[in-house]
Amino acid sequence: LPITKKIPKAMIKISGLPMLEHVVLLAKKNGFKNFIFSINYLGYQIKEYFSSGKKIDVSISYIEEKKALGTAGSLCYLKNLNKEAILVTNCDIVSGVDYGDVLDYHNHNSADATMVVRRYETRNPFGVIETKDNNFISYKEKPVKNENINAGIYVLESNVLKYIENENYLDMPDFFMKLKKEGKKVIVYPIYESWLDLGQPKNSVEK
């Protein structure tokens, strides 16, 4: 907000194209041709723009959520898929990730679920003092902390979709935790390519 008052987030333009179109064109470049869009808020605008996908030479079908189901919840509608892997991505992630490599990595590791992660560096602007009770232990000058963050891109085997309850809200990190508890093989794929989460207000966009 306020950009998304009149248009869905997926249709915000980046360099003249809706961010969702950037995602599709990258996936197409990596060999993907069949897409399923899960839509809810102002979803008719997405359908009107992309239609069947013919104008960009891909095939697009739609899941129309009656209510918001989160980043994983709408996958309950795909339970009838044959045994195959599905690549899932948020619409607001614009990156240089090779989706084909992610899929190959997932298959090579015989994983049930793969989460793409990116290294995120946090630099403390202050000197940090380590203490025990009131005793001085050590001092670190502006330490740097490296962590893996969720990049909003996933690969799932279709047979794990049975763990998603029908039409219940579910976000992907919670789904991954559930799969881990079920004893499924859950792995991560680290990326170093360009990656931008355009769901963050601080990142500039073209209206």
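User: Why does Asp112 count as buried in this predicted model?

Analyst: The relative accessibility of Asp112 is 19%. Buried means under 20%, so Asp112 counts as buried. Asp112 lies in the loop between H4 and E7.

User: Which residues is Asp112 in contact with, leaving aside its neighbours within four places in sequence?

Analyst: Asp112 is in contact with His106, Val155, Leu156, Glu157, Val160, Lys184 and Lys185. Glu157 is 45 residues from Asp112 in sequence, yet the two C-alpha atoms are 5.3 Å apart in space.

User: What makes the pair Asp112 and Lys185 a polar contact?

Analyst: A polar atom of the Asp112 side chain lies 2.8 Å from the backbone nitrogen of Lys185. The cut-off for such a pair is within 3.5 Å, so the distance of 2.8 Å qualifies.

User: How do you know that the buried residues of H4 line one face of the helix?

Analyst: The buried residues in H4, which spans residues 99–108, are Tyr99, Gly100, Val102 and His106. Seen down the axis of H4, they fall within an arc of 160 degrees, so they line one face. They pack against helix H1 and strands E5, E7, E10 and E11.

User: What is found at the start of H4, and what follows the helix?

Analyst: At the start, a side-chain oxygen of Asp98 comes to within 2.9 Å of the backbone nitrogen of Gly100. Ser110 follows H4 and has a positive phi, near 50 degrees.

User: Why are E5 and E11 said to stand at the edges of their sheet?

Analyst: This open sheet of 4 strands has the order E5-E10-E7-E11, with mixed pairing. E5 and E11 each have a single partner strand, so one side of each is left without a neighbour in the sheet. On average, neighbouring strands are turned by 40 degrees against each other, direction ignored.

User: How do you know that E7 and E11 pair?

Analyst: Pairing needs at least two bridges, and E7 and E11 have 6, in the parallel sense. In one of them, Val116 has Tyr189 in E11 as its bridge partner.

User: Which helices lie on this sheet?

Analyst: H4 packs on the sheet, touching E5, E7, E10 and E11, and its direction makes about 80 degrees with that of E10. Helix H5, residues 172–181, lies across E5, E7, E10 and E11 and runs at about 80 degrees to E10.

User: What makes up the right-handed β-α-β unit?

Analyst: The unit consists of E3, helix H2 and E4. E3 and E4 pair in the parallel sense over 6 bridges, with Asn34 opposite Ser59 in E4.

Terms used
Residues numbered from 1 in each chain as written. Predicted model: local features only at pLDDT ≥ 70, side-chain atom pairs only at ≥ 80, totals over all residues. Heavy atoms only, no water. Buried < 20%, exposed > 50% of the residue type's maximum accessible area, 1.4 Å probe, protein only. Helix = DSSP H or I, 4+ residues; strand = E, 2+ residues; numbered from the N terminus. Arc of directions from axis to C-beta. Contact = heavy atoms within 4.5 Å. Polar contact = N/O pair within 3.5 Å; in protein donor to acceptor, adjacent residues only side chain to side chain. Right-handed = clockwise from strand over helix to strand, strands pointing away. Axes fitted to C-alpha atoms, helices over the stretch in contact; angles between N-to-C directions.
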